[in-house]
There are 2 protein chains.
Amino acid sequence: MARPSRTGETDATRVRRLLRASLIEGEIPPGSKLRVQALATQYGTGASPVREALSSLAAEGLVERLDQRGFRAAPVTLGAFEELLRARCWVEELVLRESILAGGQQWEEALVVARYRLSRTPRRADPSSLRDDPAWDRVHLEFHRALTAACPSPTMLGFCETLRERASRYRGVALTVAYPTRDVAAEHEAIAEAALARQVPEACRLLVEHYQRTAGYLRLALEGSQSLTGC
Amino acid sequence: MARPSRTGETDATRVRRLLRASLIEGEIPPGSKLRVQALATQYGTGASPVREALSSLAAEGLVERLDQRGFRAAPVTLGAFEELLRARCWVEELVLRESILAGGQQWEEALVVARYRLSRTPRRADPSSLRDDPAWDRVHLEFHRALTAACPSPTMLGFCETLRERASRYRGVALTVAYPTRDVAAEHEAIAEAALARQVPEACRLLVEHYQRTAGYLRLALEGSQSLTGC
DNA sequence: ATTTGCAATTTAATCGATAATATTTCATAC
DNA sequence: GTATGAAATATTATCGATTAAATTGCAAAT
């Protein structure tokens, strides 16, 4: 039965999209088992679309497939996190460089807008919450995308996006500690400033430091919480 | 019916593996339609495993999914080729650098072996053939892997592998012209020499030139053959 | 000759059922 | 109390059939 959602989107594609978001956002914790029947019921469809979605997410690395034993959300480990961070710094540095070199007026203006929006959005709606406001998450993501958007290689930008998604799965795990005081807004400002001034080495240095600082806190939280095995 | 291949490999996984090889090798030409029923018959299984395999290859970029219109082998275009080449040069340069910096004795020795094997394998068994000998393809692949193997980032190495696979899909399209005389063996020798001598800039320069030279011929062939649309 | 409309055919997407496998439960022995 | 193993249960992987959509073929009209 090709039961169309009227939008042309198939069940498999829809489930893939929703599952993907749940995994990236951390709503589905790393390492947890993904039972086909349960997901089918949850998303109001059958086993086939769910299996297609899971297969596709497995190819992407968000899900692990164990032949004959089903699927589970890809587990996270401290080692994988360190490795991911290193790869991210290398790639983001490269992509930022090429973006600055290739960026024209359109890129500059989009970056200015993204920076402005980020500066105007409070990080936490409720200051007592440990979790960032979804609206801030969005503009923050858009800011980082705007920085590298002019890199003339969709392949590299796609790889960046993949790494970003993988990294975001670690955030939920690390919610156990309050982050030390740190002026993230000023870091973003400085990066944007250097990028707009076309100061390649300075911008790259600041960006990498920005990532490593964030990662440093995350690392502490991960080590403390011991919630990394996902088992 | 969980009909196991006794090896623990599921039908979906097996079909994925075989399809993947066919796509990379160029046996299935880019752009061609992939009909689920036909593939199911060909691989002696049902629609579900085939759809899972296709979904997973779509996530990887080897297959394109058009909702409600099935799957097709990802098409190739001259523009995508140029872009791929650029991304490849950037990433391979980075990975080679880190490999040289991190490589120990084991890496050196494996590289020496790979270089030796490549030097002893004739590129074409039958000199009249335009196609490279599969045995040469293998040792050539292993040589390039050995160069970068010591890079301490599985993520980056995996990305290299993905780009390599995408690139190899272009070779089959470009079989219409004979390559001009060129001493590929000497190029490989020089790269290995520089890498073993830990001359990072020199090795990277030679590797990138190696890719761009190969790509140059491929580009000519692609422009000439006009077989790029895949339609 | 090209375009338009409609029926026939093909193909895609999904469901429900089923067989094989993995996992859990629980009684029994040590 | 823990270990063992067999039955009970749950889950995975797959098939065959079914429905909806896309494509094709073909005739009539412009």
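Reader: Which residues touch the most other members of the largest nonpolar core?

Author: This is a predicted model: local features need pLDDT of at least 70, side-chain atom pairs count only at pLDDT 80 or more, and totals for chains, interfaces and linings use all residues. Residues are numbered from 1 along each chain as its sequence is written, chains are lettered from A and ligands numbered from 1 in the order written, and side-chain values use heavy atoms, leaving out hydrogens and water. A nonpolar core is a set of buried Ala, Val, Leu, Ile, Met, Phe, Trp, Tyr and Cys residues joined through side-chain atoms within 4.5 Å. Of the 92 residues in the largest one, those touching the most other members are Val91(A), Leu147(A), Met156(A), Val91(B), Leu147(B) and Met156(B).

Reader: How many aromatic pairs are there over all chains?

Author: Rings of Phe, Tyr and Trp (its six-membered ring) pair if their centres lie within 6.5 Å; planes under 30 degrees apart are stacked, over 60 edge-to-face, the rest tilted. Over all chains, the count by this rule is three.

Reader: What kind of aromatic pair do Phe81(A) and Tyr170(A) form?

Author: Their centres are 5.1 Å apart. The planes make an angle of 45°. That makes the pair tilted.

Reader: Is Phe81(A) buried or exposed?

Author: Buried means under 20% relative accessible area, exposed over 50%, and partly exposed in between (1.4 Å probe, protein chains only). Phe81(A) has 4% relative accessibility, so it counts as buried.

Reader: Which strands stand at the edges of the chain A sheet?

Author: Strands pair if DSSP finds at least two bridges between them. The open sheet has three strands in the order S1-S3-S2, paired antiparallel. Each edge strand has a single partner, so one side of each lacks a neighbour in the sheet. The edge strands are S1 (33-34) and S2 (63-66).

Reader: How much area do chain B and chain A bury between them?

Author: Buried area is the accessible area (1.4 Å probe) that two parts lose on being put together, summed over both. Contact means heavy atoms within 4.5 Å. The contact takes 32 residues from chain B and 30 from chain A. With 57% of it on carbon and sulfur atoms, the buried area is about 2,700 Å².

Notes
Helices (H or I, at least four residues) and strands (E, at least two) are DSSP runs, numbered from the N terminus.
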